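Take a moment with the sequence and the fold before reading on. The paragraphs below go from the overall layout to single residue pairs.

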Amino acid sequence: MQQYQYPTEMFFDVHHKSNPQSHIIKKGARQQYNNDNNDACAICGRNDFKVGYLTHFNRKYVSVLSESYGEHSSLAHPENRLTCPYCESAIRDEFVSLNGIIMNTEFAKLIIGKQNSKLGTNNSYITARDIAGYLAEPPSPPFLMAFNKNASGNKGTHFLHKAVINYSRDNYIITMYDEQIHVSRDFVKRYLDFIAKNPGKYNRFTPQNIYKSVLAANMENKTVKSFPALAADMGFLTECCTSNNLKIIYLLHQGKGESKKTKKE
Ligand SMILES: [Zn+2]
């Protein structure tokens, strides 16, 4: 089994098949420099690369991070000037608005949109609707699941370098931008079973509202009445309301249960 320490190296190998096309923007190709001093990559922190790319904006050159980039505290070494080739291959215009990446050594799936039909025949792309299936049945290890700040919104930033590579399919860590969320696959499965057995409008579902109302014995509350099975199962409801599980539930419902507007595109 090929082991990976750095998510961007896995992306370089799997998505780009170890041979990314040069990233050419209006001003030309990205500016390369020899890493003679073995400096750490500004993005991921590795220092074992011979040739890197200029990280920060400079009027004369074409850099990896744009002038408007504002998330320097998420970088391993924002003070350094070079980015490694692996991170460079992931920090490109085409990936900045992705909602997430699900990847192992065999495939990289790029999440784009909630549920759209613009994906065409390129099977690298999936939608936020597909997230639940991957959370319940993670890819064979090593794998990662990294989500942007908002797993289905339009505004994104670079998030892959914050991903965690997992070796267990039963207990694993996903990231939402720079936040790590511990996933128990057992919980994911029990939750999906529960909502399958107890249908309802889960798309705007907030378990903590039910929890609050049940604690206050406010059984006439609208949310409580909408989800009677959950309101009646305080043990499971409490489990749903942990910080990790609330985020997982949010992901499980991405792109689901929403009214479909068919637009011609
Ligand atoms: Zn790097």
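What follows covers the domains, the contact between them, the sheets and the cores.

This is a predicted model: local features need pLDDT of at least 70, side-chain atom pairs count only at pLDDT 80 or more, and totals for chains, interfaces and linings use all residues. Residues are numbered from 1 along each chain as its sequence is written.

Start with the whole protein. Its C-alpha atoms fill a box of roughly 65 × 40 × 35 Å, taken along the principal axes. There are 10 helices and 11 strands. Helices (H or I, at least four residues) and strands (E, at least two) are DSSP runs, numbered from the N terminus. Of the 265 residues, 33% are buried. A residue is buried if 20 or more other C-beta atoms lie within 10 Å of its own, exposed if 12 or fewer, and partly exposed in between, with C-beta atoms placed from the backbone. Two residues are in contact if their C-beta atoms, placed from the backbone, lie within 7 Å. Among contacts between residues at least 6 apart in sequence, 62% join residues at least 24 apart.

The protein is divided into domain 1 (7-93) and domain 2 (97-258). Such bounds come from an automatic or database domain assignment. The centres of the two domains, taken over C-alpha atoms, are separated by 31 Å. Domain 1 puts 13 residues into the contact, and domain 2 puts in 14 residues. On the domain 1 side, α1 (7-14) and α2 (85-90) each supply at least two residues. The most come from α1, with 5 residues. By class, the side of domain 1 that touches domain 2 has 9 nonpolar, 3 polar and 1 charged residues. Here Ala, Val, Leu, Ile, Met, Phe, Trp, Tyr, Cys and Pro count as nonpolar, Asp, Glu, Lys and Arg as charged, and the others, Gly among them, as polar.

Look at α1 itself. It is mostly covered, with 6 of its 8 residues buried. These are Pro7, Thr8, Glu9, Met10, Phe11 and Phe12. What do the buried residues of α1 pack against? They pack against α2, β6 (100-104), β7 and β9.

Two strands pair if DSSP finds at least two bridges between them. β6 and β7 form a hairpin with 3 residues between them. They pair in the antiparallel sense over 4 bridges. Gly100 stands opposite Ile111 in β7.

A second open sheet has 3 strands in the order β3-β4-β5, with antiparallel pairing. Its edge strands are β3 (32-34) and β5 (82-83), each pairing on one side only. 3 bridges join β3 to β4 (residues 51-54). Gln32 stands opposite Tyr53 in β4.

Now the interior. A nonpolar core is a set of buried Ala, Val, Leu, Ile, Met, Phe, Trp, Tyr and Cys residues joined through C-beta atoms within 7 Å. The largest has 49 residues, and Cys41, Cys87 and Ala146 have the most contacts inside it. Strand β9 (residues 143-147) gives the most to this core, with 5 residues. Domain 1 and domain 2 both give residues to this core, so it lies between them. Leaving aside neighbours within four places in sequence, Cys41 is in contact with Arg46, Phe49, Gly52, Ala76, His77, Leu82, Thr83, Cys84 and Cys87. Another core, of 5 residues, lies apart from the largest one, and includes Ile210, Val214, Val224 and Leu230.
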